[in-house]
Amino acid sequence: MLKLYAMFLTLIFLVELVAAIVGFVFRHEIKDSFKNNYEKALKQYNATGDYRSNAVDKIQNTLHCCGVTDYRDWKDTNYYSEKGFPKSCCKLEGCSPERDADKVNSEGCFIKVMTIIESEMGVVAGISFGVACFQGI
């Protein structure tokens with residue numbers, strides 16, 4: 001039983017190690033994938049409550065941003081041509097910006113999300129290292 005336990009512990013450690021290496025090696029692909037998926041979510045945005053539209057609204061509300069690179073990304077969407085900017089782009093609570101660019105956040109969400117991810121990488125790496133060391137004890 002002790003050998004089986006050691007084997008499983010080693011297997012879990014190797015999976016963690018491989019995941020960390022893959023995450024580090026493919027970090028640029030992860031960024032590109034996030035950007036492409038966020039652009040696709042903007043194009044398919046409809047404010048009716050599907051999970052992509054909810055995710056876009058949540059990101060824009062939480063980070064006080066609008067669009068992928070900036071608010072002008074919305075101008076290429078069907079939603080903008082019908083209704084203008086979504087309410088989640090508003091600088092102030094309860095506004096309805098329609099097409100008034102002065103009432104929306106000007107900074108894009110991609111840069112803000114990547115800044116947060118990169119700033120939290122130290123915490124993630126520390127926790128991963130701690131878990132790996134705890135397994136070795």
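At what angle do helix 1 (residues 2–25) and helix 2 pack, and how far apart are their axes? The legends below begin with that pair. The views show a predicted model, in which local features need pLDDT of at least 70 and side-chain atom pairs count only at pLDDT 80 or more, while totals for chains, interfaces and linings use all residues. Residues are numbered from 1 along each chain as its sequence is written, and side-chain values use heavy atoms, with hydrogens and water left out.

**View 1. The contact of helix 1 with helix 2.** Helix 1 (residues 2–25) and helix 2 pack at an angle of about 65°, and their axes are 4 Å apart; helices here are DSSP runs (H or I, at least four residues) numbered from the N terminus, and axes are lines fitted to C-alpha atoms over the stretch in contact, with angles running from 0 to 180 degrees between N-to-C directions. Helix 1 is therefore roughly perpendicular to helix 2, a term that covers angles of 65 to 115 degrees. Gly23, Phe24 and Val25 of helix 1 meet Arg27, Glu29 and Ile30 of helix 2, where contact means heavy atoms within 4.5 Å. By class, the residues of this contact are three nonpolar, one polar and two charged, with Ala, Val, Leu, Ile, Met, Phe, Trp, Tyr, Cys and Pro counted as nonpolar, Asp, Glu, Lys and Arg as charged, and the others, Gly among them, as polar.

**View 2. The crossing of helix 2 and helix 3.** The axes of helix 2 (residues 27–43) and helix 3 (residues 51–63) come within 9 Å of each other and cross at roughly 110°, so the two helices are roughly perpendicular. On the side of helix 2 the contact is made by Tyr38, Ala41 and Leu42, and on the side of helix 3 by Arg52, Val56, Ile59 and Gln60. These residues divide into five nonpolar, one polar and one charged.

**View 3. Glutamine 60 and its polar partners.** Glutamine 60 belongs to helix 3 and is buried, with a relative accessibility of 0%; buried means under 20% relative accessible area, exposed over 50%, and partly exposed in between (1.4 Å probe, protein chains only). Its side chain forms a polar contact of 2.6 Å with the side chain of serine 88 and reaches the backbone nitrogen of glycine 67 at 3.0 Å. A polar contact is a pair of N or O atoms within 3.5 Å, of which, within protein, one must be able to donate a hydrogen and the other to accept it, and residues adjacent in sequence count only if both atoms are side-chain atoms. Not counting residues up to four places away in sequence, glutamine 60 also touches others, including Tyr38, Leu42, Trp74 and Cys109.

**View 4. The largest nonpolar core.** This core has 20 residues, of which Val56, Cys66, Trp74 and Phe85 touch the most other members; a nonpolar core is a set of buried Ala, Val, Leu, Ile, Met, Phe, Trp, Tyr and Cys residues joined through side-chain atoms within 4.5 Å. Helix 2, helix 3, helix 4 (78–83) and helix 5 (109–136) each give two or more residues to this core, and helix 5 gives the most, with four residues. Beyond four places in sequence, phenylalanine 85 touches residues that include Cys66, Trp74, Pro97 and Val104.

**View 5. Histidine 64 and asparagine 105.** Histidine 64 lies in the loop between helix 3 and helix 4, and its phi is near 55°, a positive value in a residue other than glycine. Most residues other than glycine have a negative phi. Histidine 64 is partly exposed, with a relative accessible area of 48%, and touches Ile59, Asn105 and Lys112, not counting residues up to four places away in sequence. Asparagine 105, in the loop between helix 4 and helix 5, is buried at a relative accessible area of 10%. A polar atom of the asparagine 105 side chain lies 3.4 Å from the backbone oxygen of cysteine 90.

**View 6. Serine 53 in helix 3.** Serine 53 is buried, with a relative accessibility of 1%. With its neighbours within four places in sequence left aside, serine 53 is in contact with Gln44, Tyr45, Asn46 and Ala47.

Conventions
Angles under 35 degrees count as roughly parallel, over 145 as roughly antiparallel, 65 to 115 as roughly perpendicular and the rest as oblique.
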